[in-house]
Amino acid sequence: MAIFPCERHGARYVGPQSTLYFGVGTETDIDRVKLRVCSPCLDDIEASVVGLFDQVVREGEPLADFQHSMECVRCNAIGDTVPLFVTIYRPKHDQNQFYARMCSGCAAEWRSVNIDPEPPTPPKKR
Ligand SMILES: [Zn+2]
Ligand SMILES: [Zn+2]
């Protein structure tokens, strides 16, 4: 089996490799990142997504519309919210997509906990 570096926890692992897209922002101004991650990292992220985000695509099939809610799903504050998208591709599966709206504080915090944990040293080259 091939050995890959997990782009989330930074260490190498033996496959399978999963791909995750995380997007935050509006349709016209979206900040989108792609991560190739190991299964435990993907499970971590998925566990944080399920129950908080709405699943909008299951195995490639659209399930639901995007709700333009003004309520943050994380702290329930009412006000300006930003859309967050998480798309997960597991090996041998079609995409599963999740969507939520959060206030900017929660969006940044959720991202830092789940998507951008402290990078290992040395930083990866781009
Ligand atoms: Zn990992
Ligand atoms: Zn919030």
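Visitor: Which residue stands opposite Met102 in E8?

Guide: Two conventions come before the case. Helices (H or I, at least four residues) and strands (E, at least two) are DSSP runs, numbered from the N terminus, and two strands pair if DSSP finds at least two bridges between them. Here Val82 is opposite Met102 of E8. E7 and E8 run antiparallel and are joined by seven bridges. Their hairpin has six residues between the strands, among them Lys92 with a positive phi near 65 degrees.

Visitor: How are residues numbered, and what limits apply to the model?

Guide: Residues are numbered from 1 along each chain as its sequence is written, while chains are lettered from A and ligands numbered from 1 in the order in which they are written. The model is predicted, so to speak of local features needs pLDDT of at least 70, side-chain atom pairs count only at pLDDT 80 or more, and totals for chains, interfaces and linings use all residues.

Visitor: What is the strand order of the open sheet?

Guide: The six strands are ordered E4-E3-E7-E8-E5-E6, with antiparallel pairing. Strand E4 (30-37) and strand E6 (61-62) are the edges, each pairing on one side only. Strand E5 (residues 54-58) is joined to E8 by three bridges; Gln55 has Phe98 as bridge partner, and Val57 has Gln97.

Visitor: Why is E8 said to be largely enclosed?

Guide: Burial is a neighbour count: a residue is buried if 20 or more other C-beta atoms lie within 10 Å of its own, exposed if 12 or fewer, and partly exposed in between, with C-beta atoms placed from the backbone. Seven of the seven residues of E8 are buried, so the rest of the structure largely encloses this strand. Asn96, Phe98, Ala100 and Met102 point one way, and Gln97, Tyr99 and Arg101 the other. Over the protein chain, 25% of the 126 residues count as buried.

Visitor: Which residues of H2 are buried?

Guide: Cys106, Ala107 and Trp110 are the buried residues of H2. They lie on the same side of the helix because their arc is only 100 degrees around the axis, the arc being that of the directions from the helix axis to the C-beta atoms. Their cover includes E3, E7 and E8. The face turned away from the buried side carries exposed Gly105 and Ser112.

Visitor: Which residues have the most contacts inside the largest nonpolar core?

Guide: A nonpolar core is a set of buried Ala, Val, Leu, Ile, Met, Phe, Trp, Tyr and Cys residues joined through C-beta atoms within 7 Å. The largest has 24 residues, and those with the most contacts inside it are Leu20, Val86, Ala100, Met102 and Ala107. Strand E3 (18-25), helix H1 (39-49), strand E7 (82-89), strand E8 (96-102) and helix H2 (104-114) each give two or more residues. Beyond its neighbours within four places in sequence, Leu20 has contacts including Leu35, Ile45 and Val86.

Conventions:
Two residues are in contact if their C-beta atoms, placed from the backbone, lie within 7 Å.
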